[in-house]
Amino acid sequence: MTVATTPARLAVLISGSGSNLQALIDHIESGNLNAEIAVVISNKADAYGLQRAQKHNIQREVIPASRIESRQNYDQRLATIIDQYDTDVILLAGFMRILSDEFVNRYLGRMLNIHPSLLPKHKGLNTHQRALEAGDKQHGASVHFVTPTLDDGPIIMQAAIDIQPEDTNDSLAGRILKEEHKLYAEALKLYLDERIKFSNGNVLFDNKSLTTPLILGA
Ligand code: GRF
């Protein structure tokens with residue numbers, strides 16, 4: 001017999017469309033994830049993801065950045081809101097801000113990010129174009145623990161696709177996003193089930209060091 005545990009409380013941080021947020025909402029509503037979204041936070045008031053959250057009666061907070069405010073100060077405000085909602089896990093889902101070391105360290109081991117490349121390749125922006133320009137045969141997305149260096153934290157799981165000769169930036173973006181929507185939920189599920197843990201800068205999978213990322217669907 002499995003004992004039902006209290007759903008984990010998630011904070012999902014977005015800046016834009018929020019299609020990954022939508023996928024998480026759908027997985028939760030269909031019972032695939034033992035979690036609830038306690039709050040969706042956006043640094044942009046016009047992020048479409050906020051409307052998605054509203055449709056599902058999820059709490060929303062907009063924290064716009066001002067040009068004169070320091071990163072530390074912004075991140076302090078962000079942390080205050082996250083903590084007010086008593087959250088267990090922080091999920092970056094297209095949140096387009098660099099986070100301070102203090103912020104990252106406060107949530108170390110319980111903050112995940114999804115990045116549209118097969119990390120460690122193509123950290124940062126414009127990953128689809130860069131994969132094409134590099135002549136990569138494969139491209140994909142990665143879910144990783146967030147550490148202070150951008151897109152550098154230990155990788156939990158990846159989804160890969162073969163790049164086709166006719167692929168463009170847009171076609172790759174669309175195909176990868178579809179993979180992301182399965183990948184984030186799958187990696188999160190392992191984390192919530194405590195099969196994935198963060199330990200001394202590494203990923204443990206079933207209490208053993210994970211030397212290569214898990215592959216979605218493998
Ligand atoms: C995704 O490609 C994600 O990997 C990246 O930002 C994009 C967010 O897309 N970090 P969406 O807002 O979830 O549709």
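A polar contact is a pair of N or O atoms within 3.5 Å, where, within protein, one atom must be able to donate a hydrogen and the other to accept it, and where residues adjacent in sequence count only if both atoms are side-chain atoms. The views below show a predicted model, in which local features need pLDDT of at least 70 and side-chain atom pairs count only at pLDDT 80 or more, while totals for chains, interfaces and linings use all residues. Residues are numbered from 1 along each chain as its sequence is written, and side-chain values use heavy atoms, with hydrogens and water left out.

**View 1. Ser142 and its polar contacts with Ser117 and Leu119.** A polar atom of the Ser142 side chain lies 2.6 Å from the backbone oxygen of Ser117, and a polar atom of that side chain lies 3.1 Å from the backbone nitrogen of Leu119. Ser142 belongs to strand β6, residues 138-145; helices (H or I, at least four residues) and strands (E, at least two) are DSSP runs, numbered from the N terminus. Ser142 counts as buried because its relative accessibility is 0%, where buried means under 20% relative accessible area, exposed over 50% and partly exposed in between, with a 1.4 Å probe and protein chains only. Apart from neighbours within four places in sequence, the residues in contact with Ser142 include Asn113, His115, Ile155, Met157 and Leu183, contact meaning heavy atoms within 4.5 Å.

View 2. Oxygen atoms of the ligand lie 3.5 Å from a polar side-chain atom of Ser17, 2.8 Å from a polar backbone atom of Gly18 and 2.5 Å from a polar side-chain atom of Ser19. Of the 370 Å² of accessible area that the ligand has on its own, the protein covers 82%; accessible areas come from the Shrake-Rupley method with a 1.4 Å probe, and for residues only the protein chains shown count as cover.

**View 3. An aromatic cluster formed by Phe145, Tyr191 and Phe198.** Rings of Phe, Tyr and Trp (its six-membered ring) pair if their centres lie within 6.5 Å, and planes under 30 degrees apart count as stacked, over 60 as edge-to-face and the rest as tilted. The structure holds three aromatic pairs. In one of them, the ring centres of Phe145 and Tyr191 are 5.9 Å apart and the planes stand at 70°, so this pair is edge-to-face. It links strand β6, which holds Phe145, with helix α6 (residues 169-192), which holds Tyr191, across 46 residues, and both Phe145 and Tyr191 are buried. Phe145 also forms an edge-to-face pair with Phe198, with 5.2 Å from centre to centre and 65° between the planes. Because Phe145 lies in strand β6 and Phe198 in strand β8, this pair ties together parts 53 residues apart in sequence. Phe198 is partly exposed, with a relative accessible area of 21%.

**View 4. Two hairpins, formed by β8 with β9 and by β9 with β10.** Strands β8 (residues 196-199) and β9 (residues 202-205) run antiparallel and are joined by four bridges, two strands being paired if DSSP finds at least two bridges between them. Lys197 has Leu204 in β9 as its bridge partner. Two residues separate β8 from β9 in their hairpin, and Asn200 in the turn has a positive phi of about 50°. Strand β9 also pairs in the antiparallel sense with β10 (residues 208-209), over two bridges, and here Phe205 stands opposite Lys208. This hairpin likewise has two residues between its strands, with Asp206 in the turn at a positive phi of about 50°.
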